[in-house]
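Work through the exercises below with the model open. Try each task before reading its solution.

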Amino acid sequence: MQVRELEKMTSPEVRAAIDGGQDTAVIAFGSLEQHGEHLPIGTDAFLGDEFGHRVAAHLNAILIPTVRVGFAEHHMPFAGTMTLSKETVRRIAVEYAHSLARHGFRRIVFVPTHGGNIEPLAHAVQDCMELKGVSVISVVSNFSRQVLQEGTVGVAANLGIPPEESGAHAGEWETSIMLKLTPDLVQMDRAQAGYTGDMGAGVEALLADGTPIDELTPTGVLGDPRRAEADRGEAYIQALTNVAVSVLEEK
């Protein structure tokens with residue numbers, strides 16, 4: 001399905017779409033942060049572009065441009081990372097929703113493609129409950145159960161990639177996706193392993209405890225990207241899209 005993108009539409013086209021019943025908007029929230037020595041700073045923002053587009057297609061929604069900077073304080077030890085505070089991410093999401101609601105959008109979907117945005121987007125959803133006649137939801141899932149097991153590590157296991165290699169940040173699965181989406185931006189000759197312990201515990205340390213990632217691994221990588229392949233990228237993209245869709249169907 002062809003997705004209509006807000007920034008490429010005229011105002012009358014947006015008005016006609018909403019009045020015609022296309023009143024769902026999808027907004028991805030990515031990040032500009034280090035992804036080891038082999039992936040670009042904009043990896044999570046590029047993932048936002050892709051997953052936002054796929055979710056919008058599933059919902060017959062209008063796609064809003066990806067919010068490209070998020071909460072990434074735990075990656076700040078590495079040059080190039082940019083971060084907003086959690087409060088700023090929350091306020092951006094709330095004000096986006098209010099702007100869209102004023103024009104008649106009745107369902108607004110936040111799609112986080114960076115773990116640091118999950119908490120502030122959940123709070124933004126609560127703040128938006130005051131909007132009358134508008135449903136604001138976030139594709140927030142149980143990271144360990146759904147994202148890792150159903151979307152990445154579980155798929156990787158079927159492809160012969162162990163969990164500690166598949167990883168959770170710039171590891172095999174994320175690198176395979178980027179080899180599929182933006183191969184010209186991936187430097188596989190610089191890929192190296194990072195933290196290869198329990199991924200759920202590693203993510204918990206970063207997001208819940210605020211541990212800087214360089215205390216887990218000097219490479220800034222959770223996993224081992226060296227066996228990544230573009231051919232596996234689509235399998236991961238589709239699995240993660242399925243996770244997002246299943247979460248939305250539960251809301």
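Buried means under 20% relative accessible area, exposed means over 50%, and partly exposed lies in between. The model is predicted.

**Exercise 1. Decide whether Ser176 is buried or exposed, and list its contacts.**

Step 1: Find Ser176 in helix α7. Step 2: Read its relative accessible area, 0%. That is under 20%, so Ser176 is buried. Step 3: Set aside neighbours within four places in sequence. Ser176 then contacts Ala228, Glu229, Ala230, Arg232, Gly233 and Tyr236. Step 4: Check burial on the α9 side. Arg232, Gly233 and Tyr236 are among the buried residues of α9.

**Exercise 2. Compare the span of α9 with its expected value.**

Step 1: Count 21 residues in α9, residues 230–250. Step 2: At 1.5 Å a residue, 30 Å is expected. Step 3: From first C-alpha to last, α9 reaches 31 Å, close to that value.

**Exercise 3. Describe how β4 and β5 are joined.**

Step 1: Take β4 (residues 107–112) and β5 (residues 135–138). The two strands run parallel, joined by four bridges. Step 2: Find Ile108 opposite Val136 in β5. β4, α4 and β5 form a right-handed β-α-β unit.

Methods
Residues numbered from 1 in each chain as written. Predicted model: local features only at pLDDT ≥ 70, side-chain atom pairs only at ≥ 80, totals over all residues. Heavy atoms only, no water. Pairing = 2+ DSSP bridges. Right-handed = clockwise from strand over helix to strand, strands pointing away. Buried < 20%, exposed > 50% of the residue type's maximum accessible area, 1.4 Å probe, protein only. Contact = heavy atoms within 4.5 Å. Expected span 1.5 Å × (residues − 1).
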